[in-house]
Structures are given as C-alpha cells and as structure tokens.
Amino acid sequence: MSVLLVAEHNNKELKPFTLNAVTAASQMNTDLHAVIIGNNCGDAAKKLSELPMVKKVIQVEAAHYENFVAENFAPVIVKLAENYSHVVCSANTFGKNLMPRIAASLDTSQVSDIIKVISADTFLRPIYAGNAFATVKSKDPKKCITIRPTSFDPCESSGGSAPIEKAEPSEEFNNTKFVKREEIKSDRPELGTARVVVSGGRGMQSGDNFKLITSIADKLNAAIGASRAAVDAGYISNDHQVGQTGKVVVPDLYIAIGISGAIQHLAGMKESKVIVAINKDGEAPIFSVADYGLEADLFEAVPQFIEELNKLNTIQK
Amino acid sequence: MKILVAVKRVIDYNVQVRVKEDNTGVVTENVKMSTNPPDDNAIEEAVKIKESGKATEVVAVSVGEEKAQETVRKALAVGADRGILINADGILEPLAVSKLLQKIVEKEKPDLVFMGKQAIDDDCNQTGQMLSALLNWPQATFASKIEIKDKKLEVTREIDEGLETIEINIPAIVTCDLRLNEPRYASLPNIMKAKKKPIEQINASDLGVDTSPRIEQIKVEEPPKRKAGIKVKSVAELVQKLKNEAKVI
C-alpha cells in the first residue's frame, strides 16, 4: 500500500519543510500520495502536484480548514488512511499537534521525529534530547510517522504533474475555535532552513543587547536563534528558540554567543556543520561541541567580530 | 471544576544520559529521577487555578512502576489534593498511557486534563493529543497562557511561526509549555502534609487496557560524536579560520 503525506502550507504556498517530508516519505514507499487540507488552497495544491515524487494529490477544502485546527484535520485524514500503509508529516508544531490525534484514532503507536528511514517499518530516532539514538520497528499495520525535516533533504520542487483529486471534507469540530495567530514577520531567512544561524543566550543580558546578534545576522544573511534562557528572560520571542523543545536547526554555520550549552540547547543545534562559540566561561559545555571556541567577553568580542566581517566585505567588494 | 494532571517520572533534566553497553537502552540505575519538567508547569497551573477559586480539586495521576509514587507525592507537596498511581511495568508507549488515562478520566470525570507537552525521555510529544482524540475532546497543545472564561478556555499556544490563540470548550486537554508559569518549590511543611494525602493505587491490568508495546526497540546507541574542536585566541583568528579553513563565510 502507498504512503500518504500530509502537506503543510499556509493556503497559498507549501511550507518549505513539506519538501523534506516528501523525501522521507518516499523512502518508505515510492508510491507516494499527498493530501492538502485547507481553504482556497488551490495554488498550494498545484505546487504539491508539481513535486515529481508525488504520484497523486488529494485536495480537501472547507472554511473550517482555514486555520489548521487538528480536531478538524484528523477525521478526514483518518478516513483517507484506510487506503494507505503510512501517514507521514513533519515533526514541527503543525505535525506534532496533529499526528498523535490521527494515530490514536487509528489505534497506532506513533513513531515521532525520525531522522532516518532504515526500511518501511524501521526508523532511527533521537531520544533523551539526542543523547541516544534508538532504532525502532513499528509493528502496527498502519504506521504514523513524523519526520525531523532537517534530517532529510528537500525533494525536487518542479517538473511533476500529478493528478489532483478532490475529497469530501469532514464535519467541523465545534468545541475548538481559532482566535488569532501572531506571526513574527521577518525579511531574514527562516530559522529552520537558514544556511547561517546566529544565536544569543542568557549572556546577552538584555533584549536590547540582542542588536549585536542582529548586526552579525545582517552581515551573514543569517537567521536569529536563542537559547530557552534568553526567551524565558524576555530578550526575544519564542519563535527563535533552538533546542529540545524549540526548533532543531542544522545550518552550515551556527554561532552561539553567550550560550552556556545546556543539554536541551545542544539537542537543537549540535548537528550543525560548523559551530562557533563565544563565551567568557571557558568551562561552558558549548565548547565541547564547538569547532571554533573563543573564550572572551562577548561585549568586547562581538563588536570586533562585526568589524572583522565588515573588513572582509570590503575586501570582497 | 476538577482538574486532572498527568505527571511522568523521568531521568532528571540535568543528568548526562548514558547508553547501556549492551545497547538495550539507557542507564537508569543509580540515576537521579524527577518529574518531567513541563509536567511541573502543568501541576503549577492547576494549583494556581484552584487558588484563584476557579477549581475545587486537583488530582495528580502517574503511570509507571512503584517508584513513580514519588512523582505523585511531589505533585501533592506543591498543592494537588490527592493522587492516583497506575501501576505498570516495562516500556509504556504514549498510546498505552493515553488509553490508561482515558479510563481514569471516565472514572474521575474531570473538567480539564493538564500535562506537559513532551516528556524529556522519549521526546514523543503524543500523550495529550492521543488522549484528546480518544475522548473526542478539544486539545490545546504547547500552551504558554491559559485564561478561564466560564465554560471555555482561551489558550495561547507556542507554534513555529510565533503564537496562536484558540478558544476551547470544557472539558478539554491542555499540554503545557515550560513558559506557562514558574513552578514553585515544595516547602518542608507541605512536603510533610503531602505524606498524609491519599494516593490510590490501581493496577494497569485491572483497567482492561492492552499496554503491550507496538514498537520494537531494536537497539539504542550513542549518537555519533563530533570531532573535538579548537579554541582560537582572538576574533581575527576566528574570522580567518571561518573564511579559509571552514570556508563558511
């Protein structure tokens, strides 16, 4: 039987991690169908049909799908799942919220946040904040899998022309009402997909000092990250949090400034290709994962760093 | 209003977890155990709601081996009124836990069920959502703010894009984020008082739920180690290395 991928989108466009989820799902079975549930999401459905790995798109539309409420999404996916062996979605807040609701309805024990597909029923997943990797085999007849998007490459995004079929919407779930969404708009690259991430921690001492982080990010066209301590202290909003309960990032370059490196933070960034740490405490655990560590007061080192980057830019120009 | 709060006993968040030499799991012998951190937020929120006069009873429930009683006892020490321990041995998957909790919900008839959004041991992030599906109740996951409005809750959720607010009708499930509140510490007099609070023990097998694992854990390994890095002496050296050695800027 085939694999059903649940596409993540904003009714206009596909969310970039849908492409990573397609790659993961196609490794379970190449007969891959994708379902898109939304309201007036025709453009996004078309984009989905252009992914060469997707063999068929199922589009389900209704006004109550506008805001991605899991209680509305789950029943329609559960019904479609009759024809599939696997239901797959990204392990971001959309998928984390939705998939267990589907799994419980299918009486399936979900496998969360996999980082590798070993076979159609066997997967690798991190546990204990990535301090151990478990190889697990699902024995359920239907598998419900969420995938860690940064562990899979995005699939090819054009050239395909899968048929788009419409499916009947399920009834509205009346006990949950969407009120509002406060999205933080930014011209910067998205944290999850950025090539460079610059993160600040408690050592930044104030929200105002985060402008040092912003300056570096400007120079390097980087996304801005933060430790939980910095978010808790109110220096920066929650959508920047990197770690076990925040976002997992795998950039080419991760610069950790004033971050001590608690296990929970390392869980979100230690797979980055190159890690830089600037911290005045030479014993800070962040240095154990850093390729380049600079033991220094960040308030002296960061302005110098910005100056050096400026010089570099001038030379390059 | 009655609030049921589910708490899990896990390896303490400060412990550096080690993988067993035979690759069957992680070392739990002689390792400090505590309450799963966001479950502390769940208890705190329930107790705060009771203190504000909007709830009459807070019941803490845990599923696991006999020692999980300590976790229930800790919830009692910070303000839960009574406890329930569902005795079960071996690996319990979130699906099994949510089925057991469903039985407790049917018996206790709470208006709200709170728990942490994720357990820091298996990192599954499933139980609340699964329980909510089994009960066909609304779910507010990753909650960082809860406001009670008559028979409704307005919940602010932390999502990847920022914040989302939803309104859910009671009865409902809420899974709590670490930013929901600041959990209190148990005072010594309250720890003593908690010893007198009742904990009901129920055997999982008596609840008619099949808890046998559906997922076979084939092996548990150490993650690949990063090769040791170097300390640079100056910012200039750092920039030079990033440019010429790592070639990332």
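These legends go with close-up views of a predicted model.

Local features are kept at pLDDT of at least 70 and side-chain atom pairs at pLDDT 80 or more, while totals for chains, interfaces and linings use all residues. Residues are numbered from 1 along each chain as its sequence is written, with chains lettered from A and ligands numbered from 1 in the order in which they are written.

**View 1. Two domains of chain A.** Chain A splits into domain 1 (2-166) and domain 2 (196-316), with bounds from an automatic or database domain assignment. Their C-alpha centres sit 32 Å apart. Five residues of domain 1 of chain A touch eight of domain 2 of chain A (contact: C-beta atoms, placed from the backbone, within 7 Å).

**View 2. The seven-stranded sheet.** This open sheet of chain A runs β5-β9-β4-β1-β2-β3-β10, paired in parallel (strands are DSSP E runs of at least two residues, helices H or I runs of at least four, numbered from the N terminus; pairing takes at least two DSSP bridges). β5 (111-114) and β10 (164-166) of chain A are the edges, each with a single partner strand, so one side of each has no neighbour in the sheet.

**View 3. β1 beside β4.** Strands β1 (residues 2-6) and β4 (residues 84-90) of chain A run parallel, joined by four bridges. Look for Ser2(A) opposite Tyr84(A) in β4(A).

**View 4. α3 against α4.** The axes of α3 (residues 70-80) and α4 (residues 93-105) of chain A come within 9 Å and cross at roughly 45° (axes are lines fitted to C-alpha atoms, for helices over the stretch in contact; angles run from 0 to 180 degrees between N-to-C directions). Residues making the contact include Phe73(A) and Ile77(A) of α3(A) and Leu98(A) and Ile102(A) of α4(A).

Note on methods
Contact = placed C-beta atoms within 7 Å.
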